[in-house]
Amino acid sequence: MIAVIVALIVIQAYLLGSIPFGLLVARSQGMDIRQHGSGNIGATNVWRVMGKKWGLFTFFCDAAKGWLAVVLGMSIAARLAPGLARTMADTAAYAGIAAALGCIIGHNFPIWLGGKGGKGVATSLGVIFGMLPVASLVILAVWGIVLKLTRYVSLASIVAALSLPPTVLALLFLGWVEGWGFFYFALAATLLVIFRHRENIRRLIAGTENRFGSEDSEKEADATGQE
């Protein structure tokens, strides 16, 4: 029975995560975002191609679905499997983690788009906010500072992801959160973000990565396939 409930939590989270908001936002304006810029359906490419308003809207939607997936996962566990772990808090934590991973994977690898989804940054922020609000604020601050200093969205995303495990570790030792499952989730989420940015990492090393906000950003992204 518990296995069925966990599967239900993961499936609902995957389906929520796989909603391609970037693609839907672009189509609402008569555009297939996959044919412009880097071809990625994430908020960064939407911002570059369609402007700040639509980019921020996509970012918000992608983050919101992550938050909602975690909240629904916890709710399902509370209603159907209160004995999933030793305590109700453990049940909510494990349900949230299962939903978080399912949602991120759904965003990164949506079955409807042949597995070609976004890079999971906004969605990861959303699921972290749903489980660990303090950690999400730290991650957002790190992302913003690195972006401000370098104007590399990819580098900001990678550094923010790398800051997640030590942030969660600090919260665990401070007693602000309980359960080592959160730390293992942080490691998994970080690895997923880095994996999705592997091409960006190669370009950063080579010095050919596109800076955010440059006048020729869309032209450069079209030519190089950057995020």
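Predicted model: local features only at pLDDT ≥ 70, side-chain atom pairs only at ≥ 80, totals over all residues.
Local features were considered only at pLDDT of at least 70 and side-chain atom pairs only at pLDDT 80 or more, whereas totals for chains, interfaces and linings use all residues. Residues are numbered from 1 along each chain as its sequence is written, and side-chain values use heavy atoms, with hydrogens and water left out.

The secondary structure of the protein chain comprises eleven helices and zero strands. From the N terminus on, the order of elements reads α-α-α-α-α-α-α-α-α-α-α. Of the 227 residues in the protein chain, 50% are buried; buried denotes under 20% relative accessible area, exposed over 50%, and partly exposed the range in between, computed with a 1.4 Å probe on protein chains only. Contacts are defined by heavy atoms within 4.5 Å. Among contacts between residues at least 6 apart in sequence, 64% join residues at least 24 apart.

Two of the helices were compared with their expected span, which is 1.5 Å times one less than the number of residues. Helix α1 (residues 2-17) has 16 residues and should therefore span 22 Å at 1.5 Å a residue, in agreement with the 22 Å between its end C-alpha atoms. The buried residues of α1 are I5, I9, Q12, A13, Y14, L16 and G17. Buried positions in α4 are G55, T58, C61, D62, A63, K65, G66, A69, V70, G73, I76 and A77.

Helix α3 (residues 43-50) is mostly covered, with seven of its eight residues buried. These are A43, T44, N45, V46, R48, V49 and M50. After α3 comes G51, which has a positive phi near 110 degrees.

Helix α2 (residues 21-28) packs against α4, the two axes coming within 9 Å and crossing at roughly 145 degrees. Here the axes are lines fitted to C-alpha atoms over the stretch in contact, and angles run from 0 to 180 degrees between N-to-C directions. The crossing of α2 with α4 is right-handed; a crossing is so named if the near helix is turned clockwise from the far one by less than a right angle, and left-handed if anticlockwise. F21, G22 and V25 of α2 make this contact with W54, F57, T58, C61, D62 and K65 of α4. By class, the contact of α2 with α4 includes five nonpolar, two polar and two charged residues. Ala, Val, Leu, Ile, Met, Phe, Trp, Tyr, Cys and Pro count as nonpolar, Asp, Glu, Lys and Arg as charged, and the others, Gly among them, as polar.

A63 of helix α4 is buried at 15% relative accessibility. Excluding residues up to four places away in sequence, A63 touches A122, T123 and G126. The C-alpha atoms of A63 and S124 lie 7.1 Å apart, although 61 residues separate the two in sequence.

Helix α5 (residues 88-108) contains N108, and A99 also lies in α5. A99 is buried, with a relative accessible area of 0%. The C-alpha atoms of A99 and V70, 29 residues apart in sequence, are 5.2 Å apart in space. Leaving aside neighbours within four places in sequence, A99 is in contact with I9, Q12, A13, A69, V70 and G73. N108 is likewise buried, at 0% relative accessibility. With neighbours within four places in sequence set aside, the contacts of N108 are G115, K116, G117, G118, K119, G120, L192 and R196.

In helix α7 (residues 133-150), S136 has 3% relative accessibility and therefore counts as buried. A polar atom of the S136 side chain lies 2.6 Å from the backbone oxygen of P133. Beyond four places in sequence, S136 is in contact with L125, I128 and F129.

The loop between α7 and α8 (153-174) holds R151. Most residues other than glycine have a negative phi. R151, which is not a glycine, has a positive phi of about 60 degrees. R151 is partly exposed, with a relative accessible area of 39%.

Key: Helix = DSSP H or I, 4+ residues; strand = E, 2+ residues; numbered from the N terminus. Polar contact = N/O pair within 3.5 Å; in protein donor to acceptor, adjacent residues only side chain to side chain.
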